[in-house]
Amino acid sequence: MATPWIPRMHLWEIDDQPWFPSFLRNYVQIGLTHAWTTHLPLLQSGSPATLVAAILRRVLGASVSRHTYIDFCAGAGGPTPFIERALNQQLSNSTTSSTAPSYAAVADPKTASATAVDFVLTDLHPNVESWEEASKKSDHLSYVARPVDASAAPAELLHQYGKENKNGKGIFRLFNLAFHHFDDNLARAILKNTLETSEGFGIFELQERTLSGFTTCILFGFFILLIAPILYWWNPLRLLFIYPLPVVPFVLVFDGLISSLRTRTADEVEALLRTCGADCDGWEIKSGRERFLWPCGYLNWVICTKKSALP
Ligand SMILES: C[S@@+](CC[C@H](N)C(=O)[O-])C[C@H]1O[C@@H](n2cnc3c(N)ncnc32)[C@H](O)[C@@H]1O
């Protein structure tokens, strides 16, 4: 993250409040998915979800295929189904461009996708309906229907996808637009559980504590107002909460600004990692900031991997 303008503040977001109606929460979460998946041709080189896939591939290098990616805070799905598609597309392109297909791959098409990676959607509050829909579109996307707490990953999940499973891949946790939700105590508990049970994790945030971060949140509200008729012309109820009663754009902008104030720099994440109570000596931390929207939208990422998981 660029140098923050103000200290981190753990204020509350409307979308987190138990009194906020669940159908409106669903509309807001779908709005967040648009933020991840929209590609505005002149202003963006690709969608932020595609950018995350490219970052994972670039930063993890050859070890990118040695993980199963578990989204621990998937919400309505967010970018993960799109990251899955983009990453597997990139892996498949690199396999086909670097080598001629083997005889075995031609004989058995399943072998051709041997480098493909699997993604799993989980959350403390599972959104099974949305995940079911998304997972029907890919053999490499599945979900866990029961609640999963990121600070205490259940043994069955670790057994199914952890190092000891039959494909020998380790767990890489994804926190998309989620890590800023945790206060310091919960963040430490989640990092401790992550270090003890995973081979790596990635934190991806679309906002930051800077003037450009705040500006991007406000622009996003205008963007929803502009694009809603194209996306939701068939759904008058949703349009009702965008125009005459603009609850959805208001919550997206308000929560976006609060999220910006809650977002940690890479140094702040590292400080939590070092004090979380688990041994982080064998771990490597990398971070970066990449523009996803001209001129002011920046994606901030932190990727941490166990050194033994690197090639
Ligand atoms: C803003 S949503 C992020 C949704 C999605 N990743 C996206 O980018 O659109 C944050 C999610 O974190 C989940 N969450 C909060 N605390 C959690 C915990 N301890 N374990 C697992 N999920 C948690 C919430 O249920 C919520 O769905």
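1. Let us start with a pair of helices: α1 passes α11 in a right-handed crossing. Please keep in mind as you look that this is a predicted model. Helix α1 covers residues 22-37 and helix α11 covers residues 247-262. Their axes come within 10 Å and cross at roughly 60°. An angle from 65 to 115 degrees would count as roughly perpendicular, and one under 35 as roughly parallel.

2. Which residues of α1 and α11 meet? On the α1 side they are L24, Y27, V28 and G31, and on the α11 side V247, V248, V251 and L252. Sorted by class, this contact has seven nonpolar residues, one polar residue and no charged ones.

3. Now turn to the other partner of α11. Helix α9 spans residues 211-232, and its axis comes within 9 Å of that of α11, crossing at roughly 165°. Since angles over 145 degrees count as roughly antiparallel, this makes α9 roughly antiparallel to α11. The crossing of α9 past α11 is right-handed.

4. From α9 come G213, F214, C217, I218, F220, G221, I224 and L225, while α11 brings V248, P249, L252, V253, G256, L257 and S260. How do these residues divide by class? Eleven are nonpolar, four are polar and none is charged. Notice that V248 and L252 of α11 are also among the residues that meet α1.

5. Next, the ligand. It is surrounded by 19 residues, and the closest are C73, G75, G78, A150 and L177. Which helix gives the most to this shell? The answer is α1, with three residues. By class, the shell has nine nonpolar, eight polar and two charged residues.

6. L177 is not a glycine, and yet its phi is positive, at about 50°. Most residues other than glycine have a negative phi.

7. Another loop to visit sits between β6 (283-293) and β7 (297-306), where P295 is found. Is the peptide bond from W294 to P295 cis or trans? This bond is cis, with omega near 5°. In general, most peptide bonds are trans.

8. Finally, step back to the protein as a whole. It has twelve helices and seven strands. Its radius of gyration is 19 Å, close to the 19 Å that the globule rule gives for 311 residues, so the protein is as compact as a globular protein of that length. Taken along the principal axes, the C-alpha atoms fill a box of roughly 60 × 45 × 40 Å.

Notes. Residues numbered from 1 in each chain as written. Predicted model: local features only at pLDDT ≥ 70, side-chain atom pairs only at ≥ 80, totals over all residues. Axes fitted to C-alpha atoms, helices over the stretch in contact; angles between N-to-C directions. Helix = DSSP H or I, 4+ residues; strand = E, 2+ residues; numbered from the N terminus. Left-handed = near helix turned anticlockwise from the far one by under 90°. Contact = placed C-beta atoms within 7 Å. Nonpolar A, V, L, I, M, F, W, Y, C, P; charged D, E, K, R; others polar. Near = placed C-beta within 6 Å. Rg over C-alpha atoms; globule rule 2.2 N^0.38 Å.
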